[in-house]
Amino acid sequence: MELIKPEVKQRIQELRQLLQQASYAYYVLDSPIMEDAVYDQLYRELQNLETQYPELVTPDSPTQRVGEKPATQFTSVRHNIPLYSLENAFNIDELQAWDQRWRRQVPPQTAAEYVCELKIDGNALALTYENGVLTRGATRGDGVVGEDITQNVRTIRSIPLRLNLAGLKNFERVEVRGEAFLPLDVFKQINEERQKAGESLFANPRNAAAGTLRQLDSRIVAQRRLDFFAYTLQIPGMDDASIASSQWEALALLQKMGFRVNPNQRLCASLAEVAEYYQHWDTERLNLPYMTDGVVVKINSFKLQEQLGFTQKFPRWAIALKYAAEEAPTRVENIAVNVGRTGALTPLAEMRPVQLAGTTVSRATLHNADRIAQLDIRIGDTVIVRKAGEIIPEVVRVLKELRPPDTEPFVMPSHCPVCGQPVVREMGEAVTRCVNTSCAAILKGAIEHWVSRDALDIRGIGEKLVHQLVDKELVHSVADLYDLTSDKLCGLERMGKKSAEKIVDAIAQSKNQPWSRVLYGLGIRHVGNVTAQLLTEKFSSVEQLAEASSAKIEGVYGIGAEIADSIYQWFRISANQTLIQRLQAAGLQFATTEDTTAIGNGDNQKLAGKTFVITGTLPTLKRDEAKSLIQKAGGKVTDSVSKKTDYLVVGEDAGSKLAKAEALGITQLSEAQLLELLHEFA
């Protein structure tokens with residue numbers, strides 16, 4: 001093999017460094033340091049050298065931003081750190097209410113600064129760097145699981161492929177969150193090109209960015225010229241104040257590492273300064289080259305953030321202060337009342353259709369009796385509606401001067417509109433509820449939740465079929481689903497034998513869903529899929545959770561007192577205990593211990609103490625499946641190769657981990673060898 005001259009290696013390194021510096025200056029600092037022609041010349045020189053010496057190509061090289069072949073599909077990946085949503089506020093009063101809420105969680109007179117950042121109207125990305133090199137880019141997804149779009153993320157020039165870690169130590173793994181977006185001029189150009197080509201136009205820059213990120217061909221993504229602002233930094237050891245003790249310091253560190261950070265950030269000493277910032281950008285945002293729909297307000301201190309923690313869905317230490325949405329007048333033709341799976345009665349305004357933010361709106365939630373009283377809304381009223389957060393239609397106010405003379409105040413029903421049983425409104429609650437567990441509306445909602453994608457994911461059972469199952473009295477609880485047969489289903493409308501058999505098979509397959517999904521599917525109030533995952537990591541079986549005190553449940557990171565009490569009380573109800581017993585008898589998974597017939601079962605821990613790393617795409621197994629098999633056998637799976645790694649499982653298109661493993665002399669396994677190893681210990 002021909003030896004590569006040291007001067008060639010040195011020149012390649014120089015070219016990469018020059019091109020990375022030029023990209024940073026151009027895309028991040030907006031201050032070019034070289035002419036385009038010079039950049040192109042250096043790029044071609046690097047490209048030629050890497051073509052001549054392919055063994056010197058590295059993942060962080062500027063030439064590796066665009067993949068040569070389209071991806072066949074995106075794989076699901078679990079986020080190392082969940083991406084929580086933000087609570088919304090729509091005016092300064094709601095911002096002050098948020099401020100009062102978090103202050104009740106800490107000692108009186110606690111001092112706080114606030115960091116204000118523009119809320120970019122784009123798509124959240126989760127980036128992972130190992131030893132300074134970008135190894136994964138993923139979509140937000142549901143906050144727990146997203147899609148691996150690393151090949152597309154590499155095309156975004158304002159995302160560094162290698163971090164500038166000069167002077168920084170112990171940064172083996174870095175997690176960065178930010179927003180990918182389309183600048184307005186690029187969005188306009190894309191739509192003009194699509195119009196010329198006779199293609200449908202994108203509705204807005206956010207949709208265009210989302211569609212771009214999910215392109216299987218990264219060359220198309222590169223042409224769209226997405227941009228990126230980083231806003232969150234997570235590093236093991238972030239509690240070390242020498243790294244960063246606040247959001248303000250973290251933003252500065254992100255910029256030092258090579259990220260583009262929104263320049264319009266502001267450190268505010270008081271809520272009054274936050275309000276001033278918000279009001280300033282309410283008009284100035286119209287002059288920005290990108291879309292923004294509000295301001296994100298974060299408590300600056302990381303120590304205070306940690307002290308406040310999270311609710312089921314949101315961090316308590318941050319809020320999105322949204323700008324006023326588009327509004328339109330319309331007429332209320334009826335007020336209906338829906339009953340949800342928790343028994344909550346929700347009044348709904350049925351209105352004359354009106355165009356709002358690009359869609360036709362004919363219904364808007366009225367939330368509860370308090371909201372109806374506050375609005376004094378009546379059938380026949382002319383109202384102003386808007387889209388809260390540009391998504392959910394809501395009634396803002398009633399134009400009482402246009403009210404017809406014969407209207408009457410709306411009164412919430414005293415009995416459930418579905419089952420006819422009396423409804424209750426508990427002290428201190430705004431919601432009116434039906435408490436009849438046999439109510440058809442509650443049952444339908446419970447089953448729809450149970451079969452949903454994030455719960456038991458039972459394909460083929462939709463809303464119409466659920467309604468038939470309940471109306472025909474084939475099911476009286478979710479446990480009855482597991483007693484259904486194809487013969488019973490064949491008697492339903494538009495249900496043939498093959499379709500019935502597929503549904504019965506899908507129901508049977510749901511028995512393999514993990515304990516976390518089962519817990520979420522039970523529909524306990526305040527328990528979302530993220531909360532369910534947190535709980536099942538702490539309580540490995542339903543028995544452990546059922547026996548836990550409210551205080552012990554609250555001790556789980558991210559679980560508040562209200563959620564803990566809801567869970568504790570749920571397990572005290574005899575009907576729920578019976579439901580669990582029936583589901584256990586049907587074969588559902590109520591523990592994290594694995595099926596003893598699987599490869600590497602939970603009782604066999606002969607891989608205990610062995611550390612695995614997986615790289616590349618395996619022939620038949622998804623990465624999560626391979627990880628699960630290793631863990632069942634007692635092994636540990638990590639994301640980065642080190643001296644402590646025992647095995648590297650290698651698939652197609654293996655990355656930099658392979659080179660590092662070879663340098664360290666770590667044993668490599670193919671998928672077939674991994675399965676053989678697992679069978680040895682089964």
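Predicted model: local features only at pLDDT ≥ 70, side-chain atom pairs only at ≥ 80, totals over all residues.

Colleague: Okay, how many residues does the largest nonpolar core have?

Modeller: It has 86, and Trp450 and Leu583 have the most contacts inside it. A nonpolar core here is a set of buried Ala, Val, Leu, Ile, Met, Phe, Trp, Tyr and Cys residues joined through side-chain atoms within 4.5 Å. Buried means under 20% relative accessible area, exposed over 50%, and partly exposed in between (1.4 Å probe, protein chains only).

Colleague: Which helix gives the largest share of this core?

Modeller: Helix α9, residues 271–284, with five residues. Helices (H or I, at least four residues) and strands (E, at least two) are DSSP runs, numbered from the N terminus. There's also a second, separate core of 39 residues, which includes Ile149, Val153, Phe171 and Ala244.

Colleague: And what does Trp450 touch?

Modeller: Leaving out residues up to four places away in sequence, Trp450 touches Leu456, Val478, Tyr482 and Leu583, among others. Contact means heavy atoms within 4.5 Å.

Colleague: New topic: is Arg154 buried or exposed?

Modeller: Arg154 counts as buried because its relative accessibility is 15%. You'll find Arg154 in the loop between α4 (150–153) and β7 (173–181).

Colleague: What about Glu333, where is that?

Modeller: Glu333 is in strand β12, residues 327–339, and is partly exposed, with a relative accessible area of 45%. Glu333 and Met351 are 18 residues apart in sequence and 5.2 Å apart in space, C-alpha to C-alpha. Setting aside neighbours within four places in sequence, Glu333 is in contact with Glu350, Met351, Arg352 and Ile379.

Colleague: How many residues of helix α17 are buried?

Modeller: Seven of the ten residues in α17 (529–538) are buried, so that helix is mostly covered. The buried ones include Val530, Leu534 and Leu535. The buried residues of α17 pack against β1 (76–78), α16 (515–521), α18 (542–547), α19 (550–554) and α20.

Colleague: Last one: what's the lining of the second largest pocket like?

Modeller: That lining divides into 18 nonpolar, 14 polar and ten charged residues. Here Ala, Val, Leu, Ile, Met, Phe, Trp, Tyr, Cys and Pro count as nonpolar, Asp, Glu, Lys and Arg as charged, and the others, Gly among them, as polar.

Definitions and conventions
Residues numbered from 1 in each chain as written. Heavy atoms only, no water.
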